[in-house]
Amino acid sequence: FIALLAHDLRSPLSATLSSAQVQPQQRHDPPAQEAAARIVSSGKSMARMIEDMLDLARARLAGGITVKPQPADFKTLVEHVVLEYRTAVPERPIQSSCEGNCTGVWDPDRITQIASNLIGNAVKHGSRDAPVEVRLQGTEHEVTLVVSNGGSIAPEVLAHLFDPFRGGQREPGRNQGLGLGLYIVAKIVQAHQGTVDVKGQGNETSFRVRLPRAAR
């Protein structure tokens, strides 16, 4: 049911977004342009939730999330995501660094999804007083991505962050989406034969993804 619903929601949402994106080009009316921008922003949020629902169905009913490995540069993919967040949320500083060779064979779209979910999670939940840190390191056999943010997580929440519909419970009372982002990260990492973990130390939380240089 979830898979069918998510799939069928794509078409009307796509039509809504297309209309909202064309509207500002036809009318030089600031209020109309602002309204169209809000429609596009909200529509993109809905589109992300729909894709999360589809990934949930794939992970649970279709034998796991599928990946299409091809030569890719982890650094380039992550830098693109970092740039998007710096543009979208300029008030949140994001520091990034890369050490070693970070090329390999992975699914580029899924790697981008990993980076986007982890960085978005850090921007949303991290302390406003500390920057988000994104670190990449390539070794002989694997590439490691670490995303850190200021702020701590209660141990009872930490143990369930990668469970579906549970990750969004870190800050009760706030709209956290479907709570599927970290669950999907874990499933994509698993599909690449990698590992992901989270550690809270002092007033810092760090997510670490380790992927073999070549996914099978």
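What share of the contacts in the protein with a separation of 6 or more comes from residues 24 or more positions apart? The answer is given in point 2.

1. Basis of the note. This is a predicted model, in which local features need pLDDT of at least 70 and side-chain atom pairs count only at pLDDT 80 or more, while totals for chains, interfaces and linings use all residues. Residues are numbered from 1 along each chain as its sequence is written, and side-chain values use heavy atoms, with hydrogens and water left out.

2. Overall fold. The protein has six helices and seven strands, where helices (H or I, at least four residues) and strands (E, at least two) are DSSP runs numbered from the N terminus. Along the sequence their order is α-α-β-α-β-β-α-β-β-α-α-β-β. The radius of gyration, taken over C-alpha atoms with a globule rule of 2.2 Å times the number of residues to the power 0.38, is 18 Å, close to the 17 Å that the rule gives for 216 residues, so the protein is as compact as a globular protein of that length. Residues 24 or more positions apart supply 70% of the contacts with a separation of 6 or more; contact means heavy atoms within 4.5 Å.

3. Buried residues make up 40% of the 216 residues; buried means under 20% relative accessible area, exposed over 50%, and partly exposed in between (1.4 Å probe, protein chains only). A nonpolar core is a set of buried Ala, Val, Leu, Ile, Met, Phe, Trp, Tyr and Cys residues joined through side-chain atoms within 4.5 Å. The largest such core has 43 residues, and Phe-74, Ile-114, Leu-118, Ile-119, Val-134 and Leu-145 have the most contacts inside it. Among the elements that each supply at least two residues of this core are helix 3 (74–88), helix 4 (108–125), strand 4 (132–138) and strand 5 (142–150). A second, separate core of eight residues includes Leu-13, Val-40, Ile-50 and Met-53.

4. Phe-74 and Leu-136. Beyond its neighbours within four places in sequence, Phe-74 is in contact with Cys-102, Trp-106, Ile-111, Leu-136, Val-143, Leu-145 and Leu-211. Leu-136 lies in strand 4 and is buried, with a relative accessible area of 6%. Not counting residues up to four places away, Leu-136 touches residues including Val-78, Cys-98 and Cys-102.

5. Helix 4. This helix has 18 residues and reaches 26 Å from its first C-alpha to its last, close to the expected 26 Å; the expected span is 1.5 Å times one less than the number of residues. Since 13 of its 18 residues are buried, helix 4 is largely enclosed by the rest of the structure. Asp-107 caps the N-terminal end of helix 4, with a side-chain oxygen 3.1 Å from the backbone nitrogen of Asp-109.

6. Cysteines. With a disulfide taken as a pair of cysteine sulfur atoms within 2.5 Å, the count is zero. For Cys-98, the nearest cysteine sulfur is that of Cys-102, 3.4 Å away. Cys-98 is partly exposed, with a relative accessible area of 33%, whereas Cys-102 is buried at 3%.

7. Thr-205. This residue of strand 7 counts as buried at 0% relative accessibility. A polar atom of the Thr-205 side chain lies 2.8 Å from the backbone oxygen of Gly-151. Leaving aside neighbours within four places in sequence, Thr-205 is in contact with residues including Val-147, Asn-149, Ile-153 and Val-198.

How values were computed. A polar contact is a pair of N or O atoms within 3.5 Å; within protein, one must be able to donate a hydrogen and the other to accept it, and residues adjacent in sequence count only if both atoms are side-chain atoms.
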